[in-house]
Amino acid sequence: MKMKQGSKRCFFVLTWIGLVFLFSQCKKETEDNHVLPPAGDIEAWVEMANEDITAIGAIVTAIENEDLIEKVETLEDFIHIYFVSGASAIVRLDQANYPSPLIGAHFIDDKHYWTVINGTGTSAVRLLKDNARRNYAIENGSIPNLSVNSGGNWTVDMEGSQEELFDADGKPFRAIGRKSLFTDVTFDIDSNATIFTNETSNKSYVIERHRPFTLTFDRAEEDTLTIASGFTIAVDFRQVGVKELEFDLPEAWSAEYELNAAAKTGILSITSPIGIEPDFDEKGAIFIRAIDQYGRVLERKIPVKVEVGLVNYASVTLTDASSGVNISGAIFTFTENVTSTNERDVTAVYAGDTFRLMLPEGFSELRKARFTTTDGSFDYYFAPNTYLSIGDQNLSIVPPKLTSYWQGGIIVHINETLPLSGIASYRVTGKVVHVQSPEANIPWFPNGNVNVTAANSDTDGASNTAAIISALGGIGTSPNFIARWAVRVRDGGYADWYLGALQDYEYFHDAWEPVRPNREGDAAAISQYIAHYGGNIKLRDTHNLFWTSTNISATHAKAYDVRLGTPWTTGQKIYGARGLAFRNF
């Protein structure tokens with residue numbers, strides 16, 4: 001059967017209308033007709049969201065009133081913070097992360113105001129306003145209330161006025177779950193609290209502790225400290241407000257302590273049984289009670305165990321000490337490597353003629369030690385790749401002299417007249433040179449148009465270098481000029497290295513007497529000595545000409561030529577040469 005042309009058009013139109021209607025119904029069903037969660041779930045979300053709002057209100061009020069934390073209690077996902085004023089806040093850390101609005105606080109002109117957050121980023125935050133477009137100050141006492149309307153969308157009620165909330169796409173914010181307002185709470189050594197929230201990235205609130213009182217050990221309470229029989233191990237701890245410590249000890253164990261209130265630290269010395277006592281506990285726990293001036297008590301414990309014949313510590317005998325130096329105490333400082341700024345201090349126990357200490361995990365290289373004597377204390381600096389190991393070993397502390405490794409480099413000048421005696425022989429000052437130079441020649445300046453007159457000194461390399469860096473426009477992103485290379489040196493953990501002035505290179509040239517860098521055979525011996533400390537300087541080989549930081553003119557600066565008996569010359573700034581970094585100690 002054939003359909004007439006008019007009937008065909010009518011059929012096509014009706015079909016098209018039907019498809020459009022069907023599509024619109026499907027879209028409407030998808031966007032607007034989600035199955036709502038059970039009413040009980042919604043009630044729980046709403047209740048928890050409003051508890052978070054109450055908590056952030058209490059926290060902000062405490063900050064504005066300069067209220068302090070009296071105490072803190074932790075139970076499962078909750079941290080209950082009590083303030084001196086009698087107020088409190090319960091911080092819930094359940095990490096719920098469903099899409100939902102949040103109520104937070106924004107600080108403007110010394111006040112906090114209520115906000116609503118409908119997504120991530122600062123653009124998702126807006127201030128809650130009344131009918132007169134005024135912000136709601138938290139200090140006024142009005143508290144927003146989140147709820148879910150009959151359509152299943154989030155709303156906020158404020159002083160009797162209800163507002164439906166919209167998501168980041170401008171659509172009604174469907175209630176499909178709850179997002180936790182709080183993400184974490186941390187405490188510093190003074191027990192000050194930092195409270196992190198989901199309002200925006202890294203949003204936090206800091207509240208100080210009233211009469212801080214803290215005792216923390218750098219070890220987990222479940223980790224057992226194993227000590228060889230009859231030996232003492234020092235355990236470092238951090239503390240604030242501790243007046244005294246009391247102990248409950250296993251049989252035949254003993255403990256002593258020292259407090260340093262200014263440094264907020266302490267040392268707990270634990271001695272194990274010898275093993276020949278009539279009664280002793282092979283293992284157990286040391287219970288520690290810290291008491292402050294107000295009678296408050298903190299309790300900690302350290303599980304302990306004694307093993308006969310076990311050696312799990314380094315035992316160090318010092319050699320080559322200066323005459324008249326009687327060392328009675330030591331704190332050893334370890335680092336990760338020669339350039340690292342991360343350090344770990346370990347207090348040693350003095351036993352007879354040796355120092356015993358636990359080696360810190362992850363900090364293998366010994367950088368320095370602070371020794372205590374009857375005449376005061378002094379620091380001793382060790383060469384790179386100095387390591388201690390479990391068991392007995394000797395450690396030389398020969399006083400520093402010219403060409404000794406000290407504070408990140410090799411000593412090329414000492415201000416004091418040697419020899420010295422006693423601890424004065426370790427308290428010298430002077431200059432050290434970095435053991436490496438650039439792997440390739442580097443220019444002094446990018447052009448011959450700038451006369452850096454503030455860098456004309458023959459003696460003050462640090463000021464010269466600062467002037468050159470300023471003329472270059474800063475340290476830049478790479479060591480493309482020799483001064484920029486020098487200030488990037490970090491050996492010894494120091495950041496005060498500079499490109500040497502003419503006098504610094506003269507010190508370097510003369511420090512090796514009776515050998516001289518300008519003699520070919522001597523230069524090889526000096527280079528080999530420097531290589532012993534991880535250096536790469538090859539005098540009279542690939543390293544002949546070195547830039548100084550001493551400016552001459554717009555086009556030239558002074559240079560050190562290792563081949564010359566009078567070891568300085570001039571060079572055009574735009575051409576490359578090596579360089580040496582120095583620092584004062």
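Select strands S11 (193-197) and S12 (204-207). They form a hairpin with six residues between them. Strands here are DSSP E runs of at least two residues, numbered from the N terminus. Click Asn-202 in the turn: its phi is positive, about 60 degrees. S11 and S12 run antiparallel, joined by four bridges; strands count as paired if DSSP finds at least two bridges between them. Phe-196 has Ser-204 of S12 as its bridge partner.

This is a predicted model: local features need pLDDT of at least 70 and side-chain atom pairs 80 or more, while totals for chains, interfaces and linings use all residues. Numbering starts from 1 along each chain as its sequence is written, and side-chain values use heavy atoms, without hydrogens or water.

Stay on S12 and show side chains. Tyr-205 and Ile-207 make up the covered face, Ser-204 and Val-206 the uncovered one. In a regular strand, side chains alternate between the two faces of the sheet.

Next, select S37 (576-579). S32 (442-443) joins S37 by two bridges, antiparallel. Pro-443 stands opposite Gly-576. S34 (545-551) also pairs with S37 over two bridges, but in the parallel sense. There, Trp-547 partners Gly-579.

Last stop: the largest pocket, with about 1,000 Å³ of space. A pocket is an open set of points on a 1 Å grid over the protein atoms alone, where a 1.4 Å probe fits, with protein on both sides within 12 Å along at least five of seven lines; lining residues have an atom within 4 Å of a point. Of its 31 lining residues, Asp-236, Arg-344, Asp-345, Val-346 and Thr-347 are closest to the centre. Which strand gives the most to the lining? S15, with six residues.

How values were computed: Grid points are joined across faces, edges and corners, and a volume is the space filled by probe spheres set on the points. Buried means under 20% relative accessible area, exposed over 50%, partly exposed in between (1.4 Å probe, protein chains only).
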